[in-house]
Amino acid sequence: MRYAYPALAGLLSLAARTGADPTWPAATDEMEEIVYQLQGFKGRVFNDVITPCNNEAAGPGRVTASEWLRVGFHDMSTHNRVFGTGGLDASLQFELTNGENTGPGHNTTLKFLANYYSSQSTMADLIAAGVYASVRSCGGPMIPLRLGRKDATSSGSTGVPQPQNSAETFRQQFDRMGFSTEEMIQVTACGHTLGGVHTEEFPEIVPAGTGTNGQKPLDTTDATFDNKVVTEYISGTTQNPLVVGPAVAVNRHSDFKVFNIDGNATMNGLTSASTFRDVCKTVLQKMIDTVPSGVTLTDPIAPYAVKPVDMQLTLNSGGSSFLLTGYIRVRTTNRASGAIKNVKMTWKDRNGGCASGSCSYTATVQGAGTGFDDTFEFFPISTNIPASSGISSFTVTVNLNDGTSESYDNNGNSYPLSDAIILQKPQSCLLQSSGALTVSALVRNDITTTPSLGISYLTPRGVVRNGNPVPILSSTTVAMTKGDCIGPYTFYSASYTITGGLSYAAKLSVTAGSNSDSFNKASDLSGSCATFSGTASCTTPGSGGGGGNDPDASSTVASTVASTVAPSSSAAEPSSTSSVVKVISSSDITSSTTTVVSSTTTSSSAPTATGPARKQTVAGYTRLRCVTEGSGVRALTGASFAYDTMTLESCAANCTAAGNFAYFGTEYSRECYCGNTQAASSSEAPDSECNMLCAGDATEYCGAGNRLELYSKPGTGGTSTASAAQPTATLGRKGTVGDYVFVGCQTEATQGGRALEGKSWADDGMTLEGCAETCSGWEYFGVEYGRECYCDNTLRGGSAPAPLSDCSFTCAGTPYEYCGAGNRLELYRLASASPSSKARRSRGERGRRF
């Protein structure tokens, strides 16, 4: 339950770390939790794959923290200070195949960050947060983090510095970015204190077989943020492959060219460890604050001293009272352990008083969490509030064990908690396998505006090696249908089907005029909607009489309402004094019951189609159907094109000219694919899912995310290996994969090694089937972080079962399978293994921990 917040710019200041909190709720609240609320109770685990600093989550030899730091630079480095274009804007996701951003590190980093992508956490802000987190995880300075970046919707200009460039070219490139020669040297040194150079990207610099795990470090402490990259260079002992070695002969010793451009004057100034930290803090902040013109960043954020978290009202059975739940999070960084006795919450009813005579609740600590530099304690709230008087705001008192207390009133505003609109979670549900969503909400009867349901959701783009791993962020508004009146509230409901397999990541908002219950997590909803039973007579708040949302406010409701959007019959005269509001299971809901008021896609300029007819013939091709992309492969693999003037005719012409292909298909408004066969795993999809208009002609349909508008040319010999009757795939757990059966979600080992150490493999086309085949003969296989496969006959010490919800990453090679998460394995075991053959535990040690 969240509410409208003030304008983003200028909300916060660095003084908030020791002074006043920002006024809650703020537009930065989601990012504040991602960045600071890391581990322990309600931890967001944003740092999971970069802690400790030597974590090689992306594969052996790849220091993941260094790759997060590099992503920040590569995304920023196309900035043009004269034209105000480029900068840190997440355009890197569209630039992974342009030749300037080689290797898997950018892709895997963006893929991880995308797990936190939402309408309140842009990819650009997440990239900046990744720089902050990677530096801090490795012992570097605390870089001030400002927010408010906007995501690009297409690739930017080229211009990422390349190792073969001359020193003067480097100087000109950094000048174009807005960095002086001195700052160029400084930011290069600060960025190259972590990680190394890899054979896969630069075989001429690190020839095959010359590094460790295909990598040569940039200094002798490649997993520590220190100034060894400077001191070893100045002393002449450096083994930095961008200074010495094979790079010199092929003119790719780029660090030497940069460091030496001013006769080493700047590098000599960085030999002091404290100076190096201070300088890096400054130049790395400048790097992440380099944004396109027109973007205004907030002041640096800091964790709240006191923050309400997950506050939610729910109407209890009977309809006479609410259950208020949530937490008061208190920052305990500078407090002694056990210093807090309890936390008291005191609220005002909707009229600003306390009509019930009791308007406070006292809580003791339930759990503790940590960040890089902070600790927190969480105090649970669970109390009933009369629906007749409601709630409007509250204050917090922190009572200490020394007898003193501290009062928090949200900078004199009190903490707002409106009961005007309430998303009723027990009567809402989401079937994640199909994306079928039902939302029920309560609207107070003195509000006359009809509410609407806003859905912000992610859709995979499809699978291409080194292609864009960031899903499409879209938003849809759905009309809500009026239901029955319960006391001072009226039920409204709406249904929608979220396609693409990422429905659990959706955020839900119910809005009526200036009132809203916003940014609710769809993952909080169960798979079936509960029945509501109420006996409260319909009233208007404060009057006991009729209200704007009920045509017969003097009556008591007794009808049964399903939460599809079929019109209700609330005008009918009730026949009983009890009310049962029944919400059907989301498995019964189809998209045909949904009324969409508006739909927008925030990561693309292509509008959602709402009317043009489908063209049955185009330039000798005949329309077949709407189809999905393949699982781990493109549906059509012959040739591909992408441009902002895409039409069906231009795609047909492209595919004819490129090889007279039997099939062509358009996707995501601006993409064209050709082939002579359709992949077997590509299946028919409803035409309604191919709903995006062509970028170059708004009268034509050009597929959608992961959906192709497919055409074929008779007589060209093409074959479709996909069955037209094959059902569209949906995301779900697989009980069996080949000879293996599903065990569950499993943590990594805690005793120095991985849970499974017999064999490993990583690939951007990872599927459960591919991992099972790789691990054939081993007793266990597990997939992790979307793209990693591990095999063994034993589970190592400390590995333990985890909640299924922890294994939330989809597989890199298919959006319809789960492949673990950071530090979490989707675990399978040979079906033939004896049930009595318990997993043997060992204490295998390795030098680096995942």
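Residue classes before anything else: I count Ala, Val, Leu, Ile, Met, Phe, Trp, Tyr, Cys and Pro as nonpolar, Asp, Glu, Lys and Arg as charged, and the others, Gly among them, as polar. This is a predicted model, where local features need pLDDT of at least 70, side-chain atom pairs count only at pLDDT 80 or more, and totals for chains, interfaces and linings use all residues. Residues are numbered from 1 along each chain as its sequence is written, and side-chain values use heavy atoms, with hydrogens and water left out.

Cavities. I searched the whole structure and got two of 30 Å³ or more (a cavity is a set of points on a 1 Å grid over the protein atoms alone where a 1.4 Å probe fits but cannot get out; its volume is the space filled by probe spheres set on the points). The largest cavity holds about 730 Å³. Its lining has 36 residues, with Arg70, His74, His192, Phe202 and Leu242 closest to the centre. By class I get 15 nonpolar, 15 polar and six charged residues in that lining.

Which element gives the most to the lining? Helix α2 does, with six residues (helices are DSSP runs of H or I, at least four residues).

Helix α2. I find 13 residues, 64-76, reaching 19 Å from first C-alpha to last, close to the 18 Å expected at 1.5 Å a residue (1.5 Å times one less than the number of residues). 13 of the 13 are buried, so α2 is largely enclosed by the rest of the structure (buried means under 20% relative accessible area, 1.4 Å probe, protein chains only).

Whole protein. Buried residues make up 57% of the 850.

Terms used
Helices (H or I, at least four residues) and strands (E, at least two) are DSSP runs, numbered from the N terminus. Buried means under 20% relative accessible area, exposed over 50%, partly exposed in between (1.4 Å probe, protein chains only). On a 1 Å grid over the protein atoms alone, a cavity is a set of points where a 1.4 Å probe fits but cannot get out, and a pocket is an open set with protein on both sides within 12 Å along at least five of seven lines; lining residues have an atom within 4 Å of a point.
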